[in-house]
Amino acid sequence: MKRVAVYPGSFDPITKGHEDLIHRSLQFEDQLIVAVAVNVSKQPLFSQQERDTKIKQCVPDKRLEMRSIERLLAEFAKKVGASVIIRGLRAVSDFEYEFQMALMNRNLAPKIETVFLVPAFDLTFVSSSLVREVARFGGDVSPLVDPTVQQALKRKFGK
């Protein structure tokens with residue numbers, strides 16, 4: 001039986017931290033569905049299609065699939081046949097929120113496990129919002145994102 005995992009997030013934009021977790025997840029899963037969040041209360045920098053394209057460019061693996069998610073994560077995971085939800089923990093401050101979410105997902109879908117992965121040490125501070133902020137003001141984000149993402153950020157911000 002094929003092991004399917006879901007890795008949810010905004011990926012606005014995908015960072016090297018996200019890439020690290022995707023590569024590592026694919027070491028123990030047969031298929032990874034990157035669930036790109038559609039949050040109607042937020043205005044993303046990149047469209048859904050742009051985020052999907054950048055993810056595919058950064059991690060070209062046939063076991064990787066992108067899907068948009070506009071519903072409860074637990075329901076989405078059940079619908080796609082996932083047995084695992086992948087979540088990243090960058091700092092202790094992430095833990096409390098992620099722990100609550102994992103418990104709620106377990107309540108909603110008891111057969112689906114949440115697995116927490118810690119990114120590579122040099123990527124623990126990287127977040128999409130931080131990358132956007134630095135790029136907005138013309139800072140160098142090259143150590144934090146794939147070159148294709150860096151170019152897309154430059155185009156968005158006209159830098």
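I searched the whole structure for salt bridges and found 11; the term stands for a side-chain nitrogen of Lys or Arg within 4 Å of a carboxyl oxygen of Asp or Glu. The model is predicted, so I note that local features need pLDDT of at least 70 and side-chain atom pairs pLDDT 80 or more, while totals for chains, interfaces and linings use all residues. Residues are numbered from 1 along each chain as its sequence is written, and side-chain values use heavy atoms, without hydrogens and water.

Salt bridges. Side chains of opposite charge can pair when their charged atoms come close. Arg67 and Glu65 meet at 2.5 Å, N to O. I then checked exposure (buried is under 20% relative accessible area, exposed over 50%, partly exposed in between; 1.4 Å probe, protein chains only). Arg67 is partly exposed at 32%, and Glu65 is partly exposed at 25%.

Arg90 and Asp94 form a salt bridge at 3.6 Å, N to O. Arg90 is partly exposed at 37%, whereas Asp94 is buried at 17%.

Arg106 and Glu113 pair at 4.0 Å, N to O. Arg106 is partly exposed at 47%, and Glu113 is partly exposed at 41%.

Helix α4. I took helices (H or I, at least four residues) and strands (E, at least two) as DSSP runs, numbered from the N terminus. Helix α4 covers residues 92-108, 17 residues in total. The expected span is 1.5 Å times one less than the number of residues. Asp94, Glu98, Ala102 and Asn105 are buried in α4. I asked what covers these buried residues of α4, and the list includes α3 (73-79), β4 (84-88) and β5 (113-117); contact means heavy atoms within 4.5 Å.

Sheet. I found an open sheet of five strands in the order β3-β2-β1-β4-β5, with parallel pairing; two strands pair if DSSP finds at least two bridges between them. β3 (64-69) and β5 stand at the edges with a single partner strand each, so one side of each has no neighbour in the sheet. The twist averages 30° from one strand to the next; axes are lines fitted to C-alpha atoms, for helices over the stretch in contact, and angles run from 0 to 180 degrees between N-to-C directions.

Helices on the sheet. I see helix α2 (residues 48-58) lying across β2 (31-37) and β3, at about 150° to β2. Helix α4 packs on the sheet and touches β4 and β5, with its direction at about 160° to that of β5.
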